[in-house]
Amino acid sequence: MVTLVPLLFISIAIGSAATILAWRARPEPGAKPLVALLVAQSWWSTCIIFRLRAPGLETKLLWANLAWIGVVTIPVAWFFFALEYTGRDEYLRLRYVAALSVVPILTVLFSLTGHYHELLYIEPVGVSTTGVVLFQQGGPWFWIIAAYTYVLGIFGMIPILGLLTSDAVAFRGQSAALVVGLLAPWVTNIIYLAGVLPTAGVDPTPIAFSVSGIVYLAALTRFRLLGTSPAPNKRARQFLFDRMQGGAIVVDSNDYIVDLNDSCVEILGVDQRDVLGAPAGDIIPEYDRLPDDGALPGHLTIGNELGGHPYDVMATQITNVRGTTIGRVITFHDIGEYLRQQQRLEVLNRVLRHNIRTETNVIYGYVSRFENDENARTVKERTLRIEEIGKKGREAIELFDKTRNQSEPTPLEPFLEQCVKSVCGTDPEATVQYDIPDGDVMIAGLLRPVFSNLVENAIVHNPSDDPHVWVSTSVDGGTVRVEVADDGPGIADYELAVLEDGTETPLKHGSGLGLWIVKWGTDIAGGEVQFTENEPNGTIVTIEVPVLSPETTSPAMVDTD
């Protein structure tokens with residue numbers, strides 16, 4: 001007993017230090033149950049000290065019975081800590097806490113009323129020479145609470161063990177520390193109950209709490225137990241599924257619905273409780289059209305003819321660790337606004353392609369009758385300018401249209417040659433020099449108007465009689481770099497500022513669509529554009545875009561709407 005008391009004091013001191021650290025982090029997931037666990041361990045050790053020091057049998061029995069408060073609190077606190085710490089806090093509700101507390105509360109009541117029955121212990125037979133109360137054997141409830149304690153310990157350890165395979169080193173360290181902290185007193189208690197340890201009737205489990213306390217201290221400080229928590233992981237995945245804007249429904253391999261998110265409930269107009277477990281064909285319109293994996297050709301209309309909405313539908317197979325398909329996730333993306341936007345672009349394209357061109361041709365024809373009139377020449381210049389704006393507008397519309405029609409990869413060499421020749425044909429006085437990297441380099445075909453506009457702007461906006469343009473290319477890994485340099489006056493700062501802001505206002509706008517086409521096309525192709533000054537005069541525009549393989553489609557296949 002002389003050695004036992006100092007060990008118990010050490011256990012209490014270490015546990016108290018860990019309790020203070022956990023209490024400071026109490027807003028963190030799992031902190032409060034961990035505080036309860038540590039306090040319960042210290043309480044158990046404290047009761048043993050008072051029991052050993054108590055003068056008479058009655059007082060010793062009192063402290064032995066009060067120790068059960070800590071004994072039964074530990075497994076419940078551990079179980080709730082494991083749930084909250086790993087993100088399963090949906091079970092930390094009052095009704096669950098109350099249900100799991102029934103057995104511990106009864107245990108404490110049975111311990112305090114033990115002189116009326118023998119449920120927890122058979123009557124004590126006396127006091128040993130070391131002052132320990134001796135019991136003949138445990139009663140029937142003793143083995144019930146023992147089994148209950150180990151069941152909660154096992155179920156609490158299951159989610160903790162799952163973190164041992166986490167990709168995060170901190171979570172693996174935390175999990176290992178928690179497992180060691182639980183096993184130390186657990187194994188000690190099992191050995192004690194088996195009668196292997198010669199402890200003269202004193203349960204040495206609280207002494208093992210000193211090991212737990214040291215491990216918990218290490219977890220709190222070294223592995224940031226309550227500073228880096230895995231709790232959001234589980235909730236985040238479910239949150240993303242439930243709150244994602246598109247609808248998502250999960251079906252098993254037999255085409256029965258096993259889950260669906262809130263958006264899908266609204267899209268299908270159903271009650272989640274009614275459709276779970278139902279055949280997917282009875283709930284999803286035209287279910288037989290849906291592919292086993294991949295996108296549905298065209299779109300799916302859900303609703304009646306007057307109030308229906310068009311949806312892009314994508315099916316993604318779910319496989320197990322052996323690669324066997326066990327179900328599918330079917331997602332619904334509302335494309336009603338996209339189709340309306342596409343319709344607007346088609347109307348604008350028709351207006352820009354036909355109406356404006358027709359009207360400008362008529363104006364130009366009438367004004368040509370007044371060749372010597374200065375005002376007539378101005379009108380003709382403005383008419384050509386309007387036609388040019390219409391042309392740029394058509395190019396912009398076609399650029400966005402290619403994001404839907406899947407622009408194929410195009411070889412860089414003939415691609416650039418065509419762009420340069422088409423522009424040089426409009427200004428024979430211009431000098432354009434360019435080089436092409438060796439080898440077959442494939443880029444997104446929708447970049448044609450990007451490079452054409454860059455070369456054209458470099459020539460058109462150069463007031464020199466002999467404008468020069470230099471086009472150089474290089475390939476670095478999976479990126480092709482194209483530089484277009486000129487010796488003109490350069491691009492105005494306000495033009496670049498508008499591009500950087502990404503929007504125009506009535507008081508802040510560019511002079512045309514050329515630079516916007518360059519920016520939009522590069523962005524859609526998954527690249528970047530940079531503008532720098534050329535020495536001594538002019539601008540260098542650098543385009544960096546991914547190199548594509550002949551078998552792949554370009555990054556432009558992304559719906560940017």
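**Entry 1: the five-stranded sheet**

In what order do the strands of the open sheet of 5 strands lie, and what kind of pairing do they have? I looked this up before anything else, keeping in mind that the model is predicted. I read the order as E10-E12-E13-E15-E14, and the pairing in this open sheet is mixed. At the edges I found strand E10 (431–434) and strand E14 (528–533), each of which pairs on one side only. From one strand to the next I noted a twist that averages 15 degrees.

I then went through the pairs that make up this sheet. E10 runs parallel to strand E12 (residues 468–476), with 4 bridges between the two, and within this pairing I found Val432 with Val469 of E12 as its bridge partner. E13 and E15, by contrast, are antiparallel and share 7 bridges; here Thr479 stands opposite Pro546 in E15. E14 and E15 are likewise joined in the antiparallel sense, by 6 bridges, and I marked Gln530 as the residue opposite Thr542 of E15.

Is E15 largely enclosed by the rest of the structure or open to the outside? I counted it as largely enclosed, because 6 of its 8 residues are buried, where buried means a relative accessible area under 20%.

E14 and E15 form a hairpin, and I found 5 residues between the two strands. In that turn Gly538 has a positive phi, at about 105 degrees. The loop between E14 and E15 also holds Pro536, and I noted that the peptide bond leading from Glu535 to Pro536 is cis, with its omega near 5 degrees.

**Entry 2: strands E3, E7 and E8**

I turned next to strand E8 (residues 325–334), which runs antiparallel to strand E3 (residues 247–252) and is joined to it by 6 bridges. In this pairing Ile249 stands opposite Ile330 of E8. Strand E7 (residues 309–319) also pairs with E8, in the antiparallel sense and over 9 bridges, and there I noted Gln317 opposite Arg328.

How many residues lie between E7 and E8 in their hairpin? I found 5, and in the turn Gly323 has a positive phi of about 85 degrees.

I wanted to record residues other than glycine that have a positive phi, and among them I noted Asp255, with phi near 65 degrees, and Glu286, with phi near 50 degrees. Asp255 lies in the loop between E3 and strand E4 (257–260), and with a relative accessible area of 30% I recorded Asp255 as partly exposed. Glu286 belongs to the loop between helix H11 (280–283) and strand E5 (294–295); at 42% relative accessibility, Glu286 also counts as partly exposed.

**Entry 3: a nonpolar patch on the surface**

Which residues form the nonpolar patch on the surface? I listed Val102, Ile105, Leu106 and Leu109, which together have about 330 Å² of accessible area. I placed Leu106 in helix H4 (residues 94–112).

**Entry 4: the chain as a whole**

The chain has 17 helices and 15 strands, and of its 561 residues 43% are buried. I noted an accessible surface of about 30000 Å² for the chain, with 58% of that belonging to carbon and sulfur atoms. Where contacts join residues at least 6 apart in sequence, I found that 60% of them join residues at least 24 apart.

Technical notes. Residues numbered from 1 in each chain as written. Predicted model: local features only at pLDDT ≥ 70, side-chain atom pairs only at ≥ 80, totals over all residues. Heavy atoms only, no water. Patch = residues over 30% accessible without salt bridge, like charges linked within 9 Å, V, L, I, M, F, W, Y side chains within 5 Å. Areas by Shrake-Rupley, 256 points an atom, 1.4 Å probe, with all protein chains shown as cover. Salt bridge = Lys/Arg side-chain N within 4 Å of Asp/Glu carboxyl O. Pairing = 2+ DSSP bridges. Axes fitted to C-alpha atoms, helices over the stretch in contact; angles between N-to-C directions. Buried < 20%, exposed > 50% of the residue type's maximum accessible area, 1.4 Å probe, protein only. Contact = heavy atoms within 4.5 Å.
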